[in-house]
Amino acid sequence: MSSRIEQIIDEIEDYIEKCKPQILSSTKIVVDREELEELIAELRSKTPEEIKRYQKIISNKDAILADAQAKADEIIAQAQIQTNELVSEHQIMQQAYAQANEVVMIATKQAQEILDNATNEANNIRMGAMAYTDSQLKGVEDILSNAIDTSRMRYDNLISSLQGFLDVVSTNRAQLFPAEPETEPEQPAEPAASSVETVDLSGLSASSDSDSEG
């Protein structure tokens, strides 16, 4: 919307365009002084009012611009604060993730060490138990071997003694009934008691006793 000053200026220009040129001149015109003075007077009267209005508009414009600038600065400051908070939260999250990963790695390492130690200890216990069992079995094996060897020796001695006794008994029996020659006449048999060997059963008793004790 144009102001009254602008309208008056337009009217003055239209008036000048309508005026007749002066005779023998291309730059001068003939004007109606009274009409032109009225337009100029109105222009002069309207000028302060318009200037004040423009000054007010300019002042309001400056205030509006200042207020807008203040609001823009506040928005920028808030955005900067939020950005800093987001950056801080991101850094905190990164630190938290790093610390969590470190805790997981330490826990994993400790768990693996515990598992390795338990495995080594179980292996050592198993090897110790096997060694102890083998030692005990070796002792039993030695005892059984010695018992077998002792029993075999005693058995052999018993068999040898019994065989000797059997030989003596067989010899004594043979002497009780000696074979008679066919060509010679019968002779009275000598008393058998004089030629009968005495069987010593003391060794057999001792051997039997020792075997029964064994």
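I take partly exposed to mean a relative accessible area between the cut-offs for buried, under 20%, and exposed, over 50%. By that rule Arg152, at 45% relative accessibility, counts as partly exposed. The model I am reading is a predicted one.

**Entry: overall layout**

I looked up the secondary structure and found 3 helices and 2 strands in the chain. I read their order along the sequence as α-β-β-α-α. I then checked burial: of the 214 residues in the chain, 6% are buried. The chain exposes about 18,300 Å², and I note that 58% of this area comes from carbon and sulfur atoms. For contacts with a separation of 6 or more, I find that 64% join residues 24 or more positions apart.

**Entry: helix H1**

I checked the length of H1, which covers residues 4–18. With 15 residues at 1.5 Å a residue, the helix should span 21 Å, and the C-alpha atoms at its ends are 21 Å apart, so expectation and model agree.

Which residues of H1 are buried? I list Ile5, Ile8, Ile12 and Tyr15. Looking down the axis of H1, I see these buried residues within an arc of 80 degrees, so they line one face of the helix. On the other side of H1 I find Glu17 and Lys18, both exposed.

**Entry: nonpolar core**

I looked for the largest nonpolar core and found 7 residues in it: Ile5, Ile8, Ile12, Tyr15, Cys19, Leu39 and Leu43. At least two residues of this core come from H1, and at least two from H2. H1 gives the most, with 4 residues. I note as background that nonpolar side chains tend to be buried together in soluble globular proteins.

What does Leu39 touch, leaving out residues up to four places away in sequence? I find Ile8, Glu11, Ile12 and Tyr15. Of these, Ile8, Ile12 and Tyr15 are also on my list of buried H1 residues.

**Entry: salt bridges**

How many salt bridges does a search of the whole structure find? The search returns 2.

I first looked at Glu37 and Arg33, which form a salt bridge with their closest N and O atoms 2.9 Å apart.

I then looked at Arg152 and Asp149, whose side chains meet in a salt bridge at 3.4 Å, N to O. These two residues are 3 residues apart in H2, so about one helical turn separates them. Asp149 has 45% relative accessibility and counts as partly exposed. Arg152, with which I opened these notes, is likewise partly exposed at 45%.

Conventions: Residues numbered from 1 in each chain as written. Predicted model: local features only at pLDDT ≥ 70, side-chain atom pairs only at ≥ 80, totals over all residues. Heavy atoms only, no water. Expected span 1.5 Å × (residues − 1). Buried < 20%, exposed > 50% of the residue type's maximum accessible area, 1.4 Å probe, protein only. Arc of directions from axis to C-beta. Salt bridge = Lys/Arg side-chain N within 4 Å of Asp/Glu carboxyl O. Contact = heavy atoms within 4.5 Å. Areas by Shrake-Rupley, 256 points an atom, 1.4 Å probe, with all protein chains shown as cover. Core = buried A, V, L, I, M, F, W, Y, C linked by side-chain atoms within 4.5 Å.
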